[in-house]
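Student: I have a structure open and would like to understand the terms used for it. Could we go through some of them together?
Tutor: Gladly, let's take a look.

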Amino acid sequence: MFQSLFFWVFFMGILSTSISQNYNLPDEGTLPNIVLILADDMGYGDVQAYNTNSKIPTPNLNRLAKEGMSFTDAHSNSAVCTPTRYGILTGRYSWRTNLKSGVLWPPDDPPLIEGDQLTLPGMLKKYDYHTGAIGKWHLGMEWGKVQNGQVDFNMPIQSGPNEVGFDYFFGIAGSLNMIPYAYYRNHQAVSPITEIQPKLPFPKTIDGGPKAQGFDLYKVLDRLTEEAVGFIKEHANDKNPFFLYFPLTSPHLPILNPERFENRTGLGQYADFILQTDWSVGQILNTLKEIGLEENTLLIYTSDNGSYMYQMDGNGPDHLENPEIRGYHSHVHQANYHWRGTKADIWEAGHRVPLILRWPGKVNQGTKSLNPVCLTDLMATIAEIVGHTLAEDEAEDSYSLLPLLKELNSEFQRPPIVHHSINGTFALRDGPWKMVFGNGSGGREPPTGEPFKKPYALFNLEIDPTETSNVIQQFPDIARQMSEQLKKLLVNK
C-alpha cells in the first residue's frame, strides 16, 4: 500500500507547473544574500496569489509569487508561533525540546534555543555572513532580575538573539500583545521602560503592562520595516553577504492600522492590516531592486502558522460588519482558504501556509511546487546552497528543497512531515495521507480533544482536502503503519 505513496509524491512532482532549468550554485565568493520574511498569523488565503477569490489586495506578494516559486503544500512545523520560529532557525521540531505545547510568554520563559545548538544564523556566520534579526523574537529572553525575582526590563538582556548567532538585533521580545511594549537593540531597551500600557480588547487585543517611553503601538510595523530597509542598505556594499531574518508583527493581534491604511480595503480592519503587511514586503522588494541587490538575493516569504480569523457561515454579522467579531463569512473572505480549522489547530488551516522563494536566475519565475514541504526544511536548503554539510545531530528534521528549486519534476521525496497543535496534538503527513493522533482539533475549533486520545482520524487529502471524511476504518493498514512511523520519530527524538 505504501509503495503507492511514493508513486504519488513522484506523480505530484510531475504535475508541478515548471520547465526544467539548469541550476548552478554560486561561485566561491559570490554566495547570495538571504532575506527571510516571516509573517505572523497570515493565512494561506490572505495572499491573492494563493486565493484568487480574495478581494484583499496583495500586489507585492503577488509580484513575489510571479517572480519566484510558490509552494502550495507548505507547512509550518507547528500551528502556533514560538515552535515554528524554533523550527525555522534550527531545522528541528520544537517538541524535541521542553516546549511540548503552547508558546513562550515573556518574561517568565527562558530562551528556547540552547547555547550549543546550531542555528541558521550561526551556520551562515561560518561562511562570513553578517547576520541580523529585526522584528518579533518570541523565542525567549533572559533579563536581569531584582529583588524577589521581579524582572527589570531596563537591565541588559543576558541571553537573546545575539547569543544564538545574530550579529545585530532590533525588535520586540514577543508578540505585540505581550509585555514589555518596547524596542530592544541587541541587549538593551532603546528607551526607558517607565510607562504602563492599558489592557485592550479585540481587535486591538493588548494584555497591558510595562511600556517604554514613546513606544507607539500603531507605528511598530513601520518602524521595523524602516530598520530592515536600513540593515539592507548598510550592508549593500559589504564584501561579504548578509542574512536578514525579518519576522513581522503582523497580521497577528493587536490590529492597529496607521491612519493611512484605515478603511483602505473596505473589508474591515483585518483586511487593512493584511494590506499594510503586503506594503512592508514591498518596501523590501523595492529596496533590493533600487540598490542593485535583487539578482544576488534569495528572498523567502512565509508565515509562522495560519490565520486566527474563523470562517463563519450562517446568519449574523462578521468582522466586516462588526470589527469586534473574529471571523469572516466565507463569501466575504477566507483567510485560511478552504482548509479546515484555524490557527492553533491540527487541521490544515493551522499549519498550511504560503511559502514563496525568489532567486533571480536560479529559480524559474512563476513556478509552483505541489510537493508537501515543511518550514524546518529551510535550514537544510540554505546549508546546501552555501555548501555546508550538516552533522547527524544538526537540523535533523530538515530536508533540502534544492532539488525542487533546480527542477520541479525531480524525484524529490521528503520523509513524512510531523504536524503539531497548540495543545500538543500530533499528526503525520505522508504523501496524500494525514493521520491525526487525537480526538479533536488540538486547538481552537471545537471539540479541542486531547493528544493521543481516540478516536484518531485518517484523511486522504488528495481526494478530501478539507478533511471531512475520516477513513481510518476503511484503511487500517495505513493507519497502523503511520502509527508506527510516528512512534519511531518520537522515540528517536
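Student: Leaving aside neighbours within four places in sequence, which residues is Lys 343 in contact with?
Tutor: Keep in mind that this is a predicted model. Lys 343 is in contact with Asp 41, Ala 79, Val 80, His 252, Asn 305, Gly 306, Ser 307, Tyr 308, Asn 336, Ala 349, Gly 350 and Arg 444. Lys 343 itself is found in the loop between β13 (327-329) and α7 (348-351).

Student: Why does Lys 343 count as buried?
Tutor: Buried means under 20% relative accessible area. Lys 343 has 13% relative accessibility, so it counts as buried.

Student: What makes the pair of Lys 343 and Asp 41 side chains a polar contact?
Tutor: The cut-off for a pair of N or O atoms is within 3.5 Å, and these two side chains make their polar contact at 2.9 Å.

Student: How far is Lys 343 from Asn 305, by C-alpha atoms?
Tutor: They are separated by 6.2 Å, although the two residues are 38 residues apart along the chain.

Student: Now the helices: why are α5 and α6 called roughly parallel?
Tutor: The axes of α5 (residues 220-234) and α6 (residues 269-290) cross at roughly 15° and come within 10 Å. Angles under 35 degrees count as roughly parallel, and therefore α5 and α6 are roughly parallel to each other. The crossing of α5 past α6 is right-handed.

Student: What kinds of residues make up the contact of α5 with α6?
Tutor: They divide into seven nonpolar, six polar and two charged.

Conventions. Residues are numbered from 1 along each chain as its sequence is written. This is a predicted model: local features need pLDDT of at least 70, side-chain atom pairs count only at pLDDT 80 or more; totals for chains, interfaces and linings use all residues. Side-chain values use heavy atoms; hydrogens and water are left out. Axes are lines fitted to C-alpha atoms, for helices over the stretch in contact, and angles run from 0 to 180 degrees between N-to-C directions. Helices (H or I, at least four residues) and strands (E, at least two) are DSSP runs, numbered from the N terminus. Angles under 35 degrees count as roughly parallel, over 145 as roughly antiparallel, 65 to 115 as roughly perpendicular and the rest as oblique. A crossing is left-handed if the near helix is turned anticlockwise from the far one by less than a right angle, and right-handed if clockwise. Ala, Val, Leu, Ile, Met, Phe, Trp, Tyr, Cys and Pro count as nonpolar, Asp, Glu, Lys and Arg as charged, and the others, Gly among them, as polar. Buried means under 20% relative accessible area, exposed over 50%, partly exposed in between (1.4 Å probe, protein chains only). Contact means heavy atoms within 4.5 Å. A polar contact is a pair of N or O atoms within 3.5 Å; within protein, one must be able to donate a hydrogen and the other to accept it, and residues adjacent in sequence count only if both atoms are side-chain atoms.
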